Amino acid sequence: MKNLLSDNVQDGSKLMRSYLLSLSAVTILFFISLEITKLLVVPVQDWFGLDASYAALLFLPHGVRVVTTYLLGPLSGFLHLVFAVFIVDFAFNLQYYSPETLSILLPIIGAASAPLAYMLTKFFVGEKYLSLENVNIRTWRIILLVCLLSSVINSLGQILAVNSLARTTPDITLVLKYMAGDLFGALTIFLLLIYLFRKLER
């Protein structure tokens with residue numbers, strides 16, 4: 001009985017450590033990707049005369065959302081992303097939203113965009129085509145679809161949330177900027193991962 005109880009405690013402890021490690025990893029990666037976007041992408045965008053005050057045209061954190069969803073699954077990915085976004089936004093005071101409702105609503109919409117896109121894609125194409133066990137050209141098409149769908153969900157969700165609370169008309173140009181930034185950011189992260197994996201295989 002004692003051995004069984006001890007084994008259960010050890011298994012629970014290992015599971016907790018594993019979960020905390022994955023939470024920390026997602027949070028750190030989200031923070032790093034956001035800082036790279038702020039310190040590198042936004043200044044370059046400003047230099048070219050492209051207004052980056054509302055939307056970066058290469059939003060790398062969206063790539064972290066999609067990759068997290070792929071690796072952890074939609075539910076666990078969503079929980080990890082919500083934790084990461086709130087830690088980054090509030091602990092590091094990197095973003096401010098007004099009114100306070102947006103401080104809760106916008107991060108949740110962002111965290112939910114990739115999991116929702118993943119589940120929609122899974123519903124229409126099946127789970128086997130979402131698997132990364134046997135990567136082929138079709139796999140990359142599905143990844144592109146998930147990136148695109150998540151970009152659409154996030155951009156529309158963010159803009160509609162802001163405009164519904166502010167009672168203003170949605171700006172189509174801003175929607176397209178959000179969409180482009182999320183899509184290009186996600187594709188950039190995936191391309192970087194492909195490059196790193198190929199380097200490690202050598």
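Start with the whole protein chain as a surface: its accessible area (Shrake-Rupley method, 1.4 Å probe) comes to about 12,600 Å², and 69% of that belongs to carbon and sulfur atoms. You are looking at a predicted model, in which local features need pLDDT of at least 70, side-chain atom pairs count only at pLDDT 80 or more, and totals for chains, interfaces and linings use all residues. Residues are numbered from 1 along each chain as its sequence is written, and side-chain values use heavy atoms, without hydrogens and water.

Now switch to cartoon. You will find six helices and zero strands, where helices are DSSP runs of H or I with at least four residues and strands are E runs of at least two, numbered from the N terminus.

Next, select residues 61-72, which form helix α2. Among the buried ones are P61, R65 and Y70. Step on to G73, which follows α2 and has a positive phi near 95°.

Finally, show V67, L71, I189, L193 and F197. What do they surround? Of the 27 residues lining the second largest pocket, these are the closest to its centre. The pocket has a volume of about 700 Å³. Colour α6 (172-201) to see the largest share of the lining, nine residues. By class, the lining holds 22 nonpolar, three polar and two charged residues.

Conventions. The expected span of a helix is 1.5 Å times one less than its number of residues. Buried means under 20% relative accessible area, exposed over 50%, partly exposed in between (1.4 Å probe, protein chains only). On a 1 Å grid over the protein atoms alone, a cavity is a set of points where a 1.4 Å probe fits but cannot get out, and a pocket is an open set with protein on both sides within 12 Å along at least five of seven lines; lining residues have an atom within 4 Å of a point. Grid points are joined across faces, edges and corners, and a volume is the space filled by probe spheres set on the points. Ala, Val, Leu, Ile, Met, Phe, Trp, Tyr, Cys and Pro count as nonpolar, Asp, Glu, Lys and Arg as charged, and the others, Gly among them, as polar.
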